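Good morning, and thank you for coming.

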Amino acid sequence: MMSDQYTSKRNFFESGKTRKYEFRIEQLKKLKNSIKEYEDDIIKAMKIDLGKPTFEAFTSEIGILYEELNIAIKNLSSWMKKKSVSTPIFLFPSKSYILPEPKGVVFIISPWNYPFQLAISPLIGAIAAGNCALVKPSNQSKATEEIIFKLISETFDDNYISVLRGPGSKVVEPLIDNYNFDHIFFTGSVGVGKKILKHSAKHLTPTTLELGGKSPSIVFKDADLEEAAKKITWAKYYNLGQTCVAPDYLLVHEDVKEELIEKIKKYIVFYHGEDPVKSENLGKLINEKRFDRLLEIMKGDIIYGGKSIREKLFIYPTIIDNVGLDDPIMSEEIFGPILPIISFKDKEEIISIVRKNKYPLALYLFTEDRAIEDYILQNIQFGGGCINDAISHLVNPKLPFGGIGTSGKGQYHAKYSFDTFSHMKSIFKSGKIFQTNLKYPPYTDLKLKLARFFMK
């Protein structure tokens, strides 16, 4: 079965059908129409899997894909064109250009927290770049997995794009071990990302790893605290905290800590009511395993929330104050509705705190001071982020999205997805007239003199 999945796509790609503009644009339009057709079913599936509010399900999982599809459809022709580049004068009268070429058969492995968007977004790039694809959605978000299977099966030739189902540990590793994919795109945890990289090394397969990390929100005393509280609260508890770029912990200047905490509490009530389990604006945790893990690390000075309801897979929006860097909650990405708070005195202290959990996927800075902004941006390595906002950078398709170090490698979204799934073939085309013999033996003092002149 797995052999057929791979071999059929290899044969389809080598037929040359996917290289043509007309074929690629048709597939992108078909995908967009299918998403429109299944929009209600996609939203219902995510309600089952994660309890996602309709607004969140549409904006973060469907609307963002329409934007990417529209950009790809509009710009595909220009993306595919060869790009002329300058040629050194000593190679005159030749030409040089870069030709984007599809990589071949790609493998896309997506997670459960944004189960539709994180499967389809890289697929858009793979289609635009002219590849065949095998898509492996998470089997933890079973309702969405079923919709993805149905949508892709009905939209595309199975030899071109298909969906692989089953537990990742049983189907992903054997595929990567035994078949030479031309690119692997994985979104998920650091631990699994390391396994993907280890197995892909067997075939020297290029990989994109979209992982995670402990993304800080940093609030200086000059910040607009009302705006900071409003945005951090929204971003932290979006998808009940199950977002790879969620504010993982809060670093706040000691002079404004208490005021900011009170404002965050206010916004939790404003967004989700006095009893958040009744809120129509919050989802649920994916499963009991995640629920139990969060309860294990939800210890310390709990100053808000702290309650949980197992049968609903729900943990109340929670704030923990006076957190130590060695506390269990600071040892891994939280991925849930728990906000630890650490105070600081000066900007230098921030650097050492963040470097304790190096290479966050995102960073959110709240300040009105340009010097502080420059200091933080220049001294902390992170994937991407926002100034005076949180998680909003993710939805701008003109910005590349990706991590650094342990938070990932490679970037995607819109044109960056096309580039990720393309090989940029370098071409040098020699002219026939006025050719110089400078580069050919026998080498003389005159030729060396000319080379020194031209190449300086």
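The lining of the second largest cavity has four nonpolar, two polar and two charged residues; here Ala, Val, Leu, Ile, Met, Phe, Trp, Tyr, Cys and Pro count as nonpolar, Asp, Glu, Lys and Arg as charged, and the others, Gly among them, as polar. This is a predicted model, in which local features need pLDDT of at least 70 and side-chain atom pairs count only at pLDDT 80 or more, while totals for chains, interfaces and linings use all residues. Residues are numbered from 1 along each chain as its sequence is written, and side-chain values use heavy atoms, with hydrogens and water left out.

Which residues line the second largest cavity? They are Ile64, Glu67, Glu68, Leu394, Val395, Asn396, Pro397 and His413. A cavity is a set of points, on a 1 Å grid over the protein atoms alone, where a 1.4 Å probe fits but cannot get out, and lining residues have an atom within 4 Å of a point. The second largest cavity holds about 40 Å³ of space, a volume being the space filled by probe spheres set on the points.

For the largest cavity, the volume is about 90 Å³. Twelve residues line the largest cavity, and Leu91, Phe92, Ser94, Ser430 and Lys439 are the closest to its centre. By class, its lining has six nonpolar, five polar and one charged residues.

I turn now to the helices. Helix α12 covers residues 347-355 and helix α13 residues 370-379; helices are DSSP runs (H or I, at least four residues), numbered from the N terminus. Their axes, lines fitted to C-alpha atoms over the stretch in contact, come within 11 Å and cross at roughly 25°. Angles run from 0 to 180 degrees between N-to-C directions, and those under 35 degrees count as roughly parallel, so α12 and α13 are roughly parallel to each other.

Definitions and conventions:
Helices (H or I, at least four residues) and strands (E, at least two) are DSSP runs, numbered from the N terminus. Angles under 35 degrees count as roughly parallel, over 145 as roughly antiparallel, 65 to 115 as roughly perpendicular and the rest as oblique. On a 1 Å grid over the protein atoms alone, a cavity is a set of points where a 1.4 Å probe fits but cannot get out, and a pocket is an open set with protein on both sides within 12 Å along at least five of seven lines; lining residues have an atom within 4 Å of a point.
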